[in-house]
Amino acid sequence: MVRFASRRLVLGIAVAAALTATVVTAAYASSSHSTSANRSKGLTTVRVVFDWPGIDFEAVPLTVGNARGFYKKAGLDVKIVIPPSTSTTVQMIAAGKGDIGFDTTTDVVFGQAAGIDVKSIANYSQNNNWGLVAKPGAKIDIKKIKGKSIGIFTDSWTKAMMPYVLKAGGVSASQVKQPIFSSDDIAPLLAGKIDLATNTLNYAIAQVQSATGKRPSVLLATKFGAPNVPVWVYTAMNSWLKGHGSQARKFLSATRKAFAWSIAHPSAAVKDYLKAYPKIGGGMKYSLDGWKATIPALGPANALLTQRASQWKQVVRALKSVKLLSKPLPPSSYFTNAYLKG
Amino acid sequence: MSALLRKTAVRLVMAALAVGLIFGVWNLVIFAFDLKAYALPTPQDSVATIYDRWSTYQPLMLQTIKETVYGFLIGAAIGFFLGVAMSASKIVQRLIYPSLITSQAVPVVAVAAPLAILLGFGLVTKLVIVAWWVFFPVVVNVLDGLARVDRDLLNLARVMGAKRTRTFLAIQLPATLSPLFSGLKIGATYAVTAAVIGEWVASLQYGLGTYLNTAAASLDTRGVLGATILLTMIGITLFLIVAAMGIVATPWERRSTARRRTRPAGEMLVGHSVETPQT
Amino acid sequence: MNGSGPKVVVDDVTVRFDGVLALDELSLEIGRSEFVSIVGPSGSGKSTLFNVVSGLQRPSSGRVLIDGQDVTGETGHVGYMLQKDLLIPWRTVVGNIVLGAALTRGARSRDRAEAAALASRYGLGEFLDHYPHALSGGMRQRVALMRTLALKTDVLLLDEPFGALDSQTRLDMQLWLLSVYEDLEVTILFVTHDVDEAILLSDRVVVLSARPGRIMADLPITLPRPRGLDVLTSPPFMDLKREVLGLLHETPVAASR
């Protein structure tokens, strides 16, 4: 009987897994193949490829843009496409599986280095909100990190930023422990298995607050000498931009309005977002905490989305110094503000 | 001997052709879909990358091999002893079997993070994850092998006045060998993937798995493919070693006679009183 | 080993499984070096009787004596062979023959040498190092019998040993068993469905009734030994066969005595 019951359990799990796979596949399929569906409404579909294999609160402005009609007024219907992994967004727009990418700044640099003519068309954030995170109530003293264990991710941003941490702490790489994580370093931090976590602070704060109800101790990397380079940007292929310039302009113009609205009405904005993704958007508290923690990185209202040539110089310099980049290109190869005008 | 040589030569040629086939299809896919190097580099580029970056890859590979092999051995040992223990007692079996199945139905990725918090970010966590994947096919196969021992054979052993331990060593234990190696071969193919997942959860040391992530993060698809090829080689090599050990351990499955020969019988008397033929 | 009493005594044995009577107060004596066959319809408890004599099955009541010694419910006193050869695939012919030693005290080189001699003597000399899968069905049964003989118990229980063989091989094996039996001083209890086989091989044929098993007849077979193929067609053989068949099928014997 026991064996029979467990067999049924396995069967149940298998069926559930198969169903989930089918539903997810169908959802993705419908999200990426609905260009024609909106023709009747006279809207042009713009596919934006997200930066992460799961949707989260950084998608708030885009969902607000749809929900509050900013895109519709511009004649657009924005579809968010979820990529299969954390590092395929550039490849997806290069392969025509999306029109606009939501990427990290470094993705653009590596894309250009790999021969993909991808350009950043707008900043998502204006500030570098990457930094160190400690448990709520703990003090972070950058001068006292010797012998501590600092959780790191495998991404290039972390790799570019860690030298600033070590330099400010006056230690060499071997004088701190650096356990490497792929998906989450906050749980080990809260469990006391590492002394410090590294992360973009909007995610760290949201995660810690939803887990403990308290705000973690944080220290922005810019406070100890790291360059103030925005982490996220909107991108597009140069070839796509040539044929879709007005679409890009309309998209960015409407997105700027959606940003401004989302910053002014965080709770309503997050509600719009959760309405669009009721099942997989994360809870209200987590998403609202996250969005509120994201707002400071977005910059002043009058400078939303605008890029600076200096930010690209700085990121290239940082990547070169950790040997992730051998041949830096001039900033104009990486970005253009041309589609923010008008 | 020359027949054996020829057989070996034929096999080597076939293996080379098989690799050639994989490379051919790979190139064909790149050509047919016009894939750029950032999406999928050619196999020759990927192999060249391994050569160029050997000094980078070598320590990573050693780390991953360590996790894979140790984890595999631990998983195999646990699987074997668990199988034997479960076959010895029906109650133990009924108690444990459901949790074993559950352990495999639970996505390891989901429990990996708490596991790392519990066991730390060093080798232990990786070994547990690899062993977790390896032990199950071993348990199932060992149990199966023990269950398939003929009841009548065990009764026969009793009639012969056999001691329990000797029956176990001479009949039950060897009966697990063939299924054990079937299980081990499945486990060997899982082990590398499990080691990569183990590295992804948390690592203090870079291995090929962590390298996959860092290379992917900088759009270094050649680096990713190079590491993937090495991981595949580790998996294939482990499988072949286990398969070869299986062949050596179970000669009766392929040969009609034992390698060791009994000397032709002399005029020995059997224990029975034999009526000596009158001369 | 010595003494003049019967070799095996089954004394008033009753076996009940969950209220079903399998054997009912069955008594049987088998003499030294006697070959006794037991025939009977399916379910007459032949195998149960063997399990009791071998010690695998403790009877509900009654005793089993070997050489006058009470061995009820004790294993290790008799050799046992079934229709299934039960050879161990990873052991060679010699390895299988020495199984009894391997399972009790460990097989020594002397055991292996004896096994090789035994096997060579009875037509297995070329196959000493073969694994069972490389042998024919008949050869495998020969190995199984050698394994039984190597136990050096002088009582052998053979439960339909040739039941799974084709008729040609079966006849070969019967003749071969006769030669082995006539060579050695062993007492054999033989279960079979095959009346020809029972008469050809035995000194006595015991006919059991359907469940519960009772002895319906105990016929001495006085055909002279050594016996060969010609026995099968001799008139006394035919008479015995008619009698046994009559008993088994409960038709009165129109005896031409």
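**The contact between chains B and C**

In this predicted model, the contact draws 33 residues from chain B and 40 residues from chain C. On the chain B side, α7 (151-159) and α8 (164-175) each supply at least two residues. α7(B) gives the most to that side, with 7 residues. Sorted by class, the side of chain B that touches chain C holds 15 nonpolar, 10 polar and 8 charged residues.

**Chain B as a whole**

Chain B has 11 helices and 1 strand. Read along the sequence, the pattern is α-α-α-α-α-α-α-α-α-β-α-α. The radius of gyration of chain B is 25 Å, well over the 19 Å that the globule rule gives for 279 residues, so chain B is more spread out than a compact globule. The C-alpha trace of chain B spans about 90 × 55 × 35 Å along its principal axes. Of the 279 residues in chain B, 39% count as buried. Take the contacts in chain B between residues at least 6 apart in sequence: 79% of them join residues at least 24 apart.

**The nonpolar core**

The largest nonpolar core has 245 residues. The members that touch the most other members are V130(B), V134(B), V138(B), A191(B), V53(C), I97(C) and A119(C). Helix α6 of chain B, residues 123-147, gives the most to this core, with 16 residues. For background, nonpolar side chains tend to be buried together in soluble globular proteins.

A191(B) is itself among the core members that touch the most others.

**An exposed tryptophan**

W54(B) lies in helix α3 of chain B, which covers residues 54-88. W54(B) has 11 other C-beta atoms within 10 Å. The cut-off for exposed is 12 or fewer, so W54(B) counts as exposed. G226(B) is 172 residues away from W54(B) along the chain. Even so, the C-alpha atoms of W54(B) and G226(B) are separated by 9.9 Å.

**Backbone details in chain C**

Most residues other than glycine have a negative phi, and most peptide bonds are trans.

Start with S33(C). This residue sits in the loop between β2 (20-30) and β3 (35-39) of chain C. S33(C) has 15 other C-beta atoms within 10 Å, so it is partly exposed.

Next comes E160(C), in the loop between β7 (155-159) and α6 (167-183) of chain C. Phi of E160(C) is near 45 degrees, again a positive value in a residue other than glycine. E160(C) counts as partly exposed because it has 18 C-beta neighbours inside 10 Å.

From R225(C) to P226(C) the bond is cis, with omega near -5 degrees. P226(C) is found in the loop between β10 (215-220) and α8 (235-248) of chain C.

**Chain A: domains**

The domain assignment of chain A gives domain 1 (28-127 + 230-340) and domain 2 (130-224). Taken over C-alpha atoms, the centres of these two domains are 26 Å apart. Between them, 16 residues of domain 1 are in contact with 14 residues of domain 2. On the domain 1 side, α5 (105-113), α12 (284-294) and α13 (309-321) of chain A each supply at least two residues. α12(A) gives the most to that side, with 6 residues. The residues of the domain 1 side divide into 9 nonpolar, 5 polar and 2 charged.

**Chain A: confidence**

Chain A averages a pLDDT of 86, and 88% of its residues score at least 70. Within chain A, confidence is highest in strand β10 (residues 232-237), at a mean of 96. It is lowest in helix α1 (residues 2-32), at a mean of 43. Over residues 1-37 of chain A, pLDDT stays under 50. For that stretch the model has 20 contacts beyond four places in sequence. Where pLDDT is low, the predicted coordinates should not be read in detail.

Methods: Residues are numbered from 1 along each chain as its sequence is written. Chains are lettered from A and ligands numbered from 1 in the order in which they are written. This is a predicted model: local features need pLDDT of at least 70, side-chain atom pairs count only at pLDDT 80 or more; totals for chains, interfaces and linings use all residues. Helices (H or I, at least four residues) and strands (E, at least two) are DSSP runs, numbered from the N terminus. A residue is buried if 20 or more other C-beta atoms lie within 10 Å of its own, exposed if 12 or fewer, and partly exposed in between; C-beta atoms are placed from the backbone. A nonpolar core is a set of buried Ala, Val, Leu, Ile, Met, Phe, Trp, Tyr and Cys residues joined through C-beta atoms within 7 Å. pLDDT is the predictor's confidence in each residue, from 0 to 100. Two residues are in contact if their C-beta atoms, placed from the backbone, lie within 7 Å. Ala, Val, Leu, Ile, Met, Phe, Trp, Tyr, Cys and Pro count as nonpolar, Asp, Glu, Lys and Arg as charged, and the others, Gly among them, as polar. The radius of gyration is taken over C-alpha atoms; the globule rule is 2.2 Å times the number of residues to the power 0.38. Domain bounds come from an automatic or database domain assignment.
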